[in-house]
Amino acid sequence: MATTFADQLRSLPDEALGALIQLRPDLVIPVPADISALAVRAQSRNSVARCLDGLDEFTLAVLDAARLTRAADTALTSVAAILELTTGVPEDEARLAIDRLRVRFLLHGPEDGLQIVGAVDEVTSPYPAGLGRPADFLDPQAAALVTDRAKLRRTVLAAPPGARAVLDRLAAGPPIGALTRDAVAEPVRWLVDQHVLVPVSESGRAPRPDGELVELPREIGMLLRRDTGPLGVLRPAAPTPDGPARNPQAADSAGAGQTMEAVRATEAILESLATEPAPVLRAGGLGVRDLKRVAKAAGVDEAGAALLVEISYAAGLLGESENGQNQDNFLPTGAYDLWRATGIAHRWAALARAWLTMTRQPGLVGRRDERDRPINALAPDAERAGAPQARREALVALAELDPGAAPVPDDLLALLTWQAPRRARGRETAHRDAFAGAALLGITGLGALTSYARLLLTDNGPDDGDPLGVHPEDAHADAVRALDQLLPAPVDHILVQADLTVIVPGPPEPDLATELDVLAEPESAGGASVFRVTPASVRRALDVGYQAADLHALFRRRSRTPVPQTLTYLIDDAARRHGGLRSGSAGSYLRSDDEALLAEVIADRRLSTLDLRQIAPTVLVSPRPVARLLGALREYGYAPVAEDAGGATVLTRPKARRAPSRTPRVAEPSSPVLIGPRLAGVVEQLRRGDIATRAARRAPVTVRAAHGQAIPGLTAVQQHTQAMAVLQQAVRDKARVWVGYVDSHGATLSRLVRPVSLSAGYLRAEDERGESLHTFALHRITAAVTEE
């Protein structure tokens, strides 16, 4: 049958062959040598299983109908036989399902002689549509019972209530039930005695009187399904999810607000890890205590913090760095600083892309693995190769609904189950995690998919105008622009209150955000962020190089409200005290022109651990390092500054610790996009390879041997000089010869031609079958044999 199947593929026009490749792209990864190899691959278990995974519930039911209606002797079925089983469904819907199976070549052949690809039975249930095997295969007495239709009906109607309940359950599928050898329940005993159920072996291949299983014959199962139809309840159309319809603009506004919150929380988590790096656990991942700490710093729950930590790592914003003590820590990478300098929409797009493509399932964090051990964030146990596809499936299903539709997750799961039952099996948890992650990232707003998220899901693969896949613009630029229009414009000003609070009425510009990080302490975040100016924040600004005049000018320039007098006094007082004490390394020293201030310091019992010693009226020394001396003095209310060996003040911004930058890991698409010139090129390559293979089979044995094919009894390859001699004689005699050569693509071909001339390194010959003139480079010719 493989030859017949290959001949059917070979007879297809280029458009139909291209449609098959588009529907089953795995067939050309890599491109097979010829159509015969394509046919073998199309009938393989892996390819058939992958194709079935993409079919909907109704199409799979029609395939089961085809399996049930196969003739016992020929294994063939027909369109009419399939339509006979699809009762209660419009004929047009059933024919469309049959066409979907035929265009994918799961069914092939004429309408009155359809054949099912053999691998279908290997990768699907042995019980099509949940029905058992025929009675004549299971047991002769059961076969006699189903032959007598009247007796069968009387037996079923006479079944006790318990036995009838067992029959109804087995009729719904699967048709197999457990049976113990020691004791058989009374209802099952009655059904076995009446030959309604047949004991079978555990493998279900041969009847056994003492079997461990019982099976309901197919004919009885179809009789019990008389109300629902032989295939059960058929749903040719996808279920419509119920749920409130949101205003699309309201959904976009809610989603845009959530994107700002997601970006803010991510930044807070990474800043917390930059301030206090978290150690990498010995088994890998982030510890529970550190996860709670960063969740508290960001103001989110632990599940949300785990999701944002995983996304940050996948986006390359978070990495691992050794602390010099053979201990790796989680720290922001250098890419974090670049990410933070961009706008909110660009930052969100980076997070959303990482979430869509990362092979991690953050929803597993906090649960237990098969060894009953908790799964930590960033631990290897949360790796799931199918996570990207599950997220895209969930979002695409939501995108196919009307704009503003906000169905409940259970209805969406039912829709996904109908669209691809085989693929959705076991993915319910991944789909629920996808909906939760989309809500936290602002991809959905009020339960509905946002307009900018629809653009994010748009397939930006190569098209006819761009066959090489070269896209100068960012693939998600449209989504960024759409979100940017929904977000409030960045502000470059602040509102300073009398209680020293600073209100930022919108997302701050990058320059303003950098200044506020130094000048004030954050208190709350949201649409309008609130900061507070404190003595410590002013001292921090002075430490990094600001002067009092600079701070006054900055607040006057940035504030839209009058600068309160209390802030002016605070800055002046901090500046007056700042630098009153100076330290250096001796271990370290402390000097001041104010002898009373030094006397106060040396008398302060809280500083006794510094072991200060006065060596001059204006100088104290300590064996402790300068950093510890400065930290202790600042902790207890003093404002020292460091100085270098020449006595100049050293003002430095604290150095941010960063992990080495790394390339984010992106999940590769499951299948390439084959359209336009790419698809035409693949079809052309298959046709050319098929022609070459068929021509090679007709060529003489010596020509095929020269192509490197194994030929029994032939151990040597014809020499090039011998080929030239044959060609020269053929030119003289005007005889036809078989020429083996290697074309410009590296393929080995054979052609029957009549040589015309042999000169200047080229052979010119006529192809009488194609009525064309060919030119062969002599160095590409591998063999030449006179036609017999």
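R340 is partly exposed, with a relative accessible area of 23%. The model is predicted, as are the contacts described here. The side chain of R340 meets that of E271 in a salt bridge, 3.0 Å from N to O. R340 belongs to helix α18 (residues 334-340) and E271 to helix α15 (residues 248-275), so the pair ties together parts that are 69 residues apart in sequence. E271 is also partly exposed, at 25% relative accessibility.

## Other salt bridges

The count of salt bridges comes to 40. Side chains of opposite charge can pair when their charged atoms come close. R95 forms a salt bridge with E91, and their closest N and O atoms are 2.9 Å apart. Both residues lie in helix α7 (residues 91-103), four residues apart, or about one turn of the helix. An α-helix has 3.6 residues a turn, so residues three or four places apart point the same way. R95 is partly exposed, with a relative accessible area of 32%. E91 is partly exposed too, at 46%.

R751 and D767 meet through their side chains in a salt bridge of 3.2 Å, N to O. R751 is in strand β23 (residues 748-759) and D767 in strand β24 (residues 762-767), 16 residues apart, and the pair links distant parts of the chain.

Where does D64 lie? D64 is in helix α5 (residues 57-68). D64 counts as buried, at 19% relative accessibility, because buried means under 20%. A network of salt bridges links D64, R67, R70 and D121.

D64 also has a contact with backbone. The D64 side chain reaches the backbone nitrogen of A129 at 3.2 Å. Leaving out residues up to four places away in sequence, D64 touches P128 and A129.

Helix α3 spans residues 35-42, and its buried residues are I35, L38, A39 and A42. Seen down the axis of α3, these buried residues fall within an arc of 100°, so they line one face of the helix. D34 caps the N-terminal end of α3. A side-chain oxygen of D34 lies 3.2 Å from the backbone nitrogen of S36.

The loop between α2 (14-23) and α3 holds P30. A cis peptide bond joins I29 and P30, with omega at about -10°.

## Helix α34 and its cover

Helix α34 (residues 720-733) has 14 residues. From first C-alpha to last, α34 reaches 20 Å, close to the 20 Å expected at 1.5 Å a residue. A723, M724, L727 and A730 are buried in α34. Seen down the axis of α34, the buried residues fall within an arc of 125°, so they line one face of the helix. T721 and R732 are exposed on the other side.

What covers the buried residues of α34? The cover includes β22 (737-742), β23, β24 and β26 (781-786). Just after α34, K734 takes a positive phi of about 55°.

## Nonpolar cores

Which residues have the most contacts inside the largest nonpolar core? They are I269, I311, W348, W355, L395, L441 and I443, in a core of 66 residues. A second, separate core has 53 residues, among them L12, L52, A61 and L114.

Residues up to four places away in sequence aside, W355 touches L307, I311, R391, L395, A434, G437, A438, L441 and I443.

## Positive phi in two loops

D611 is not a glycine, yet its phi is positive, at about 55°. D611 sits in the loop between α30 (595-603) and β18 (613-616). D611 is partly exposed, with a relative accessible area of 40%.

A760 is also a residue other than glycine with a positive phi, near 55°. A760 is found in the loop between β23 and β24. At 71% relative accessibility, A760 counts as exposed.

Methods: Residues are numbered from 1 along each chain as its sequence is written. This is a predicted model: local features need pLDDT of at least 70, side-chain atom pairs count only at pLDDT 80 or more; totals for chains, interfaces and linings use all residues. Side-chain values use heavy atoms; hydrogens and water are left out. Buried means under 20% relative accessible area, exposed over 50%, partly exposed in between (1.4 Å probe, protein chains only). The arc is that of the directions from the helix axis to the C-beta atoms. A polar contact is a pair of N or O atoms within 3.5 Å; within protein, one must be able to donate a hydrogen and the other to accept it, and residues adjacent in sequence count only if both atoms are side-chain atoms. A salt bridge is a side-chain nitrogen of Lys or Arg within 4 Å of a carboxyl oxygen of Asp or Glu. The expected span of a helix is 1.5 Å times one less than its number of residues. Contact means heavy atoms within 4.5 Å. A nonpolar core is a set of buried Ala, Val, Leu, Ile, Met, Phe, Trp, Tyr and Cys residues joined through side-chain atoms within 4.5 Å.
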